[in-house]
Amino acid sequence: MIYNIRSRIRDWKKDLFVHTQNRLTFQYSALLMVFLTLFITIVYFLVNTTISHEQEQQLQLLADQQASVLTNALQDGKLSPEELDNINALQESGNQFFYEIVDPKGQMIFGKAVIERLQPDIFHALQGWIPQSNEIRYETMLIHPKRHQGPHEAHLGPPPQEERHPIDLMMTGRAIYQGDQLVGVFYTGKDVSFYYELSHRLLIILVTLGILFLGIAFLLSYFMSRRAMIPIRKSFERQRELVADVSHELRTPLSILNSSLDVFKMEEEHLSDFSRKVLGNMQGEIKRMTKLVSDLLTLARSDSGAADLQYERFDLVLPAEQLVASTQTLAHSKEMNLQLTAPSELLVYGDQERIKQLLYILLDNAIKYTPNGGEVKVTLSADTHEKQPALQIVVQDTGSGIPLEEQGRIFDRFYRVDKNRSRQLGGTGLGLSIAKWIVKAHHGTIQVSSTPGKGSRFTVRIPLRYANG
């Protein structure tokens, strides 16, 4: 049961229309995903940039105002209570988190922060910084809930790290001069943690919506690709039925023509030499057409799924020996050495007739394209395919070989490397296509390795998973 389910899944994956539909679905989805990603990126970038720019402008404007007040206030070398009140009023109106005034020696003249216990940390972070024009700096401070420690708890140190919370600060500063002399540096900053959190939540929302819309886009792509495949599938069905019907209908007249030629053959002694030659040519063409029609019918049935395989357990060695023996006559006519190497018994689970047909196609090709005096070797053995026991068929010849650029196309229908020579030898260009279909129908693989002028080697591996019951 599991084997049948896996077989159906493999067949479903190999279906041309399903494969094409899946490709269209993923292509449509990928295209929509690209647009969604660009949309999310642009929206997030614009919102984040706009908020950051607005906050920076507000902070710069506030810093300029406070620096102007300080410049006037420090002319007499000290800050009056009224001047401090003005600075504090600007801090509150501008939602500042802190401000500090530091003399040229690095000593703080005055400072204030919303969270006073962070003042030393802020002062430490600002040491040595002489802000340039409109320069912005970002810092992250860790704060924790205020806790009073008794004398016996002083040695415990600060609260644990997990109790601390980060706060993001946007900071800027202004150098304050009296003439050409630096009299101090003014620093200020504001808490932008809320905007960071807002930006983070916006990103999460956009990504979540993107994933949701991607799922919707995938479903839409699936239905769109399915609808797009309907006319193609119908056209292919009509073409396949036409090939099957024509192939079936041609078999009868070809049989009649062949029988009629046999009648003429019986009276061959009454015919002229030219008529005998024409008669022989006609018989050869009819045989070639009969084989072509049979191959077309086989492929049409394989495309439609009507060519059901009859699985059974059998010993392949005896049929292989019979097949090699039947082709020995052709091999001897070409003074060719034909060898079969196989164990005494090799149990196979599959369609006996189709596997024999596969072996015949490979053997027939090897003999046809190997010159006189050449050698063809057929090897049957048990091997491993996808970590499972498998039948291995190797057919090796010393023929003309196949160019590397042609090896990827030799299993295509009606494709022939040397069309003129294939026609002279009676080839139709469908044999290897049928061989590939038989191998795939048995969930196996077929490979070719060839060197021009030295020969070719076809290797087939078919799983023997159920060969022993």
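Q: Which residue in β4 does Thr140 stand opposite?
A: Thr140 stands opposite Asp168 in β4. This is a predicted model, where local features need pLDDT of at least 70, side-chain atom pairs count only at pLDDT 80 or more, and totals for chains, interfaces and linings use all residues. Residues are numbered from 1 along each chain as its sequence is written, and side-chain values use heavy atoms, leaving out hydrogens and water.

Q: How many bridges join β3 to β4?
A: Seven, and the two strands run antiparallel. Strands here are DSSP runs of E, at least two residues, and helices are runs of H or I, at least four, numbered from the N terminus. Two strands pair if DSSP finds at least two bridges between them.

Q: What is the strand order in the open sheet?
A: β2-β1-β5-β4-β3, five strands with antiparallel pairing. β2 (108–113) and β3 (137–143) are the edge strands, each pairing on one side only.

Q: Where is the positive phi in the hairpin of β4 and β5?
A: At Gly179, near 75°. Two residues lie between the strands. β4 and β5 pair over 10 bridges, and Met171 has Gly189 as its bridge partner in β5.

Q: Switching to α7, where is the kink centred?
A: On Thr327, at about 40°. The bend is the angle between axes fitted to the seven residues ending at a residue and the seven starting there. Thr327 is also one of the buried residues of α7, buried being under 20% relative accessible area with a 1.4 Å probe, protein chains only.

How values were computed
Buried < 20%, exposed > 50% of the residue type's maximum accessible area, 1.4 Å probe, protein only.
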